[in-house]
Amino acid sequence: MRKATIEIEDKVDQLLVVLDKDIQHIQDSLSRLNDLRGSVVKRDEVSLRKLLESIQSESNSYEENELKRRLLRKELATALDCGLAQMTLSRLETELSGEKKTEITRRKTNLQTLTRKLKKEHSSTAMLLSDCARFNSVLLKSVLEFGQAGTITYSPRGLAERQTNSAFMNLQF
């Protein structure tokens with residue numbers, strides 16, 4: 001029985017290291033989303049390219065962490081005699097005591113907080129990008145259809161104005 005307890009504690013120690021990497025990954029993702037929004041607003045193409053390159057290079061290293069977490073989860077499920085689906089941090093908390101339980105609880109709470117924040121930031125970034133795409137579409141459409149009689153634009157005060165029949169650009173070659 002003592003050997004099983006030592007094995008579980010060893011797996012928990014390894015899991016704590018993996019969870020710390022998960023926490024760091026989420027914090028890095030939050031930072032990247034912030035950088036993405038800033039670069040989009042500033043229209044800084046160089047920063048956007050660098051951001052994309054860093055995301056691509058870091059994705060492989062994080063994949064290793066995910067594989068290690070899955071393996072530890074499977075091993076802990078076997079050691080605690082429960083199904084893989086039931087092997088959660090909450091379940092692990094109930095099985096542990098003392099300092100290990102406190103560490104798992106702290107990491108679980110931190111992960112939950114960061115995950116909620118990541119969802120919120122992701123949603124905000126998605127809305128910004130959607131608005132940018134919509135604005136670019138409207139802008140392009142207004143440039144290409146500027147001389148048409150059916151085009152309506154809005155003044156800075158929000159009043160609708162119909163365009164005159166003057167052409168904005170000459171499409172002749």
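Visitor: Which helix supplies the largest share of the lining of the largest pocket?

Guide: That's α2, with four residues. Keep in mind that this is a predicted model. Helices α1, α2 (45-79) and α3 (89-95) each put at least two residues into that lining. The lining residues include L15, R69, L84 and L92, and the pocket holds about 270 Å³ of space.

Visitor: Why is S39 called buried?

Guide: Its relative accessible area is 8%, and buried means under 20%, so S39 qualifies. S39 sits in helix α1 (residues 2-42).

Visitor: How do you know which residues S39 touches, leaving out those up to four places away in sequence?

Guide: A contact needs heavy atoms within 4.5 Å, and D44, S47 and L48 are the ones S39 touches. As for R49, its C-alpha is 9.9 Å from that of S39, ten residues along in sequence.

Visitor: And how much of the protein chain is buried?

Guide: Buried residues make up 23% of its 173 residues. The chain has four helices and two strands, in the order α-α-α-α-β-β. It exposes about 12,700 Å², with carbon and sulfur atoms supplying 55% of that.

Key: Residues are numbered from 1 along each chain as its sequence is written. This is a predicted model: local features need pLDDT of at least 70, side-chain atom pairs count only at pLDDT 80 or more; totals for chains, interfaces and linings use all residues. Side-chain values use heavy atoms; hydrogens and water are left out. Buried means under 20% relative accessible area, exposed over 50%, partly exposed in between (1.4 Å probe, protein chains only). On a 1 Å grid over the protein atoms alone, a cavity is a set of points where a 1.4 Å probe fits but cannot get out, and a pocket is an open set with protein on both sides within 12 Å along at least five of seven lines; lining residues have an atom within 4 Å of a point. Grid points are joined across faces, edges and corners, and a volume is the space filled by probe spheres set on the points. Accessible areas come from the Shrake-Rupley method with a 1.4 Å probe; for residues, only the protein chains shown count as cover.
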